[in-house]
Amino acid sequence: MARKIWTGSINFGLVTIPVGLYAATEDHSPSFHQYQRGTTDRVRYKRVNERTGDEVDYGEIVKGREVEGVLVTVDQQELDEIAPGRSRTIDITSFVDLDEIDPVYFQRTYWLAPNAKENHRPYDLLRRAMEQTNQVGIARFVLRGKEYLTAVRADETALALNTLFFDDEIREPGEIIGDAGGAAPSDKEIQMAETVIESMTGEWRPEEYEDTYTERVERLLADKARGVSPEAAEEPAQATDVIDLTDALRRSVEQARDKRGGKAKGDDLGELNKGELDKRAKELGVRGRSKMNRSDLEAAVRDAASGSRAAS
């Protein structure tokens with residue numbers, strides 16, 4: 001069960017909606033302790049005075065940095081005194097079109113949930129209104145002593161709060177890319193690139209992507225615990241330099257056409273979108289289609305088609 005990390009309310013206009021804040025994501029990356037090689041002895045860090053080599057108690061440590069050649073130190077109490085107070089409300093000051101916010105500004109996502117049953121109606125009202133207008137609410141919000149710029153937006157079933165980077169935290173891409181110079185791509189090259197992109201275009205299916213590295217780490221640990229020698233991963237393919245851009249695009253287009261032309265239309269269910277799968281499922285008499293996601297629909301159509309062929 002997700003843990004509520006903040007309780008307060010959303011305010012827009014004269015409407016107040018009591019809500020709770022929950023983390024929308026969780027990290028499944030492998031975690032380890034550190035040990036001295038060949039032993040079961042844990043390795044731990046100590047805070048040491050670099051001049052004397054003596055260990056320093058945590059309560060004796062202050063923060064600091066040089067300012068105009070002078071070392072300035074501050075303790076946590078001084079920082080707490082100037083920190084913004086904990087937010088009790090998320091006050092939406094304006095609404096903007098979601099498409100106007102560059103994704104580079106989005107930092108972290110949280111879910112907002114109504115605190116009580118009676119709060120569901122105004123909560124859903126705000127969610128539906130923002131969903132239909134494609135608007136997000138901009139607000140400042142203090143969490144754990146830090147002030148954030150945030151965007152409250154409508155998801156399919158819930159309100160999400162995204163913390164945003166401030167404008168001066170965004171690096172200009174031009175500073176990194178620089179002036180590449182050289183000739184711009186021709187209209188023909190752009191058209192060929194668009195053809196390749198179109199041939200590779202499909203629905204966003206996040207369930208089809210898995211964290212294979214974490215799986216490999218867990219398998220490695222399990223194998224070593226059983227005394228089994230782990231198998232080395234295959235070497236990745238070597239990258240090749242693009243010598244002739246037009247030729248590479250031409251061959252990519254041909255490859256895409258061969259892939260599509262080599263199969264009878266509809267034989268590969270993986271190429272059908274959800275609407276096409278739903279139509280196929282309806283023709284095969286599959287029930288409960290409205291509650292199925294795309295993967296479920298594909299499996300149901302495959303099973304139903306196999307049953308039809310077996311019956312005939």
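Guide: Contact here means heavy atoms within 4.5 Å. The model is predicted.

Visitor: Which residues does Glu147 touch, leaving out those up to four places away in sequence?

Guide: Glu147 touches Pro84, Arg140, Phe141, Val142 and Phe166. Glu147 itself is found in strand β8.

Visitor: What makes the pairing of Glu147 with Arg140 a polar contact?

Guide: The distance. A polar contact needs N or O atoms within 3.5 Å. The side chains of Glu147 and Arg140 are at 3.4 Å, so the pair counts.

Visitor: Why is Glu147 called partly exposed?

Guide: Its relative accessible area is 33%. Buried means under 20% and exposed means over 50%, so Glu147 falls in between.

Visitor: What does the side chain of Ser87 reach?

Guide: The backbone nitrogen of Val142, at 2.7 Å. Beyond its neighbours within four places in sequence, Ser87 is in contact with Trp6, Phe141 and Val142.

Visitor: How do you know that β1 and β2 pair?

Guide: Pairing takes at least two bridges. Strands β1 (residues 4-12) and β2 (residues 15-23) have eight, so they pair, in the antiparallel sense. Within this pair, Ser9 has Pro18 of β2 as its bridge partner.

Visitor: In what order do the seven strands close into a barrel?

Guide: The order is β1-β2-β6-β9-β8-β7-β5, with mixed pairing. From one strand to the next, the twist averages 40°. Helix α2 (residues 120-133) lies across strands including β8, running at about 80° to β8.

Definitions and conventions: Residues numbered from 1 in each chain as written. Predicted model: local features only at pLDDT ≥ 70, side-chain atom pairs only at ≥ 80, totals over all residues. Heavy atoms only, no water. Polar contact = N/O pair within 3.5 Å; in protein donor to acceptor, adjacent residues only side chain to side chain. Helix = DSSP H or I, 4+ residues; strand = E, 2+ residues; numbered from the N terminus. Axes fitted to C-alpha atoms, helices over the stretch in contact; angles between N-to-C directions. Buried < 20%, exposed > 50% of the residue type's maximum accessible area, 1.4 Å probe, protein only.
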